[in-house]
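Trainee: I would like to learn how to read a sheet, the helices on it and the surroundings of a ligand. Where do we begin?

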Amino acid sequence: MKLVRTSADDLTALQACFFASVSVLAAADYTPEQRRAWVDLALNNAEDWRQKLATQFGWKAVENETVLGFILLVPQDNLVDWLYVAPAAANNGVATQLLRELERTARNLGMSQLETHASVTAQRFFARRGYEVVEQQVVEAGGSHLPRALMRKSLQ
Ligand SMILES: CC(C)(COP(=O)(O)OP(=O)(O)OC[C@H]1O[C@@H](n2cnc3c(N)ncnc32)[C@H](O)[C@@H]1OP(=O)(O)O)[C@@H](O)C(=O)NCCC(=O)NCCS
């Protein structure tokens, strides 16, 4: 597996990975309606995704031309914005490696902290990597309410 910087050309492959990730890996924590609303919210914002891929710091984990997972850093917001892993690649350290690369870059950029809006599914992952819950949040999407937590880690 290798980590590669993303570009706007990756949009379709990343959205396919995102769809599978939410549909399968988040199934234990979110109802089918919640997962559909989560997916629709993102897939209906393709232009926002393309813009972020063109301007922010993204990485994809790739093996044999297949995207195993991806992550996005938005430096001006100190934000780990996306972190999604393909179901077939879960629990193999893909997200760990992606987050390590993002944090290395964040430190090189002089950032002192990182935040993320962690799904219920991802909270244990982030907690074990030094992120602490700042507040519980609920996002409204397509008539569904999706719980998540704002989590923060100091890089100092
Ligand atoms: C949360 C998520 C990103 C984690 O991805 P992942 O690649 O499975 O995570 P990792 O494999 O790096 O780590 C998961 C566990 O596998 C273990 N692991 C790490 N490397 C491993 C390896 N080489 N072999 C086996 N297990 C390993 C880790 O110990 C970790 O367990 P821990 O949290 O108790 O330490 C993934 O479940 C996901 O995409 N979920 C759905 C979408 C989502 O909720 N995204 C977050 C939005 S905020």
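Mentor: Begin with a definition: two residues are in contact if their C-beta atoms, placed from the backbone, lie within 7 Å. Keep in mind that this is a predicted model. Here α4 lies across β1, β2 (57-63), β3 (66-74), β4 and β5, and α4 runs at about 30° to β3.

Trainee: What does α5 touch on the sheet?

Mentor: α5 packs against β4, β5 and β7. The direction of α5 makes about 145° with that of β5.

Trainee: How do strands pair in a sheet?

Mentor: They pair through backbone hydrogen bonds, either parallel or antiparallel. This model has an open sheet of 7 strands in the order β1-β2-β3-β4-β5-β7-β6, and the pairing is mixed. β1 (2-5) and β6 (132-141) stand at the edges with a single partner strand each, so one side of each has no neighbour in the sheet. From one strand to the next, the twist averages 25°.

Trainee: How many bridges join β5 to β7?

Mentor: There are 7, and β5 and β7 (residues 144-154) run antiparallel. E115 stands opposite R152 in β7.

Trainee: Which residues come nearest to the ligand?

Mentor: Of the 23 residues around the ligand, those are G93, A95, T96, S119 and A122. Elements giving two or more residues to this shell are α1 (11-25), β4 (79-85), α4 (94-108), β5 (113-119) and α5 (120-127). α5 gives the most, with 4 residues.

Trainee: How do the residues of the shell divide by type?

Mentor: Into 12 nonpolar, 9 polar and 2 charged.

Technical notes. Residues numbered from 1 in each chain as written. Predicted model: local features only at pLDDT ≥ 70, side-chain atom pairs only at ≥ 80, totals over all residues. Near = placed C-beta within 6 Å. Nonpolar A, V, L, I, M, F, W, Y, C, P; charged D, E, K, R; others polar. Pairing = 2+ DSSP bridges. Axes fitted to C-alpha atoms, helices over the stretch in contact; angles between N-to-C directions.
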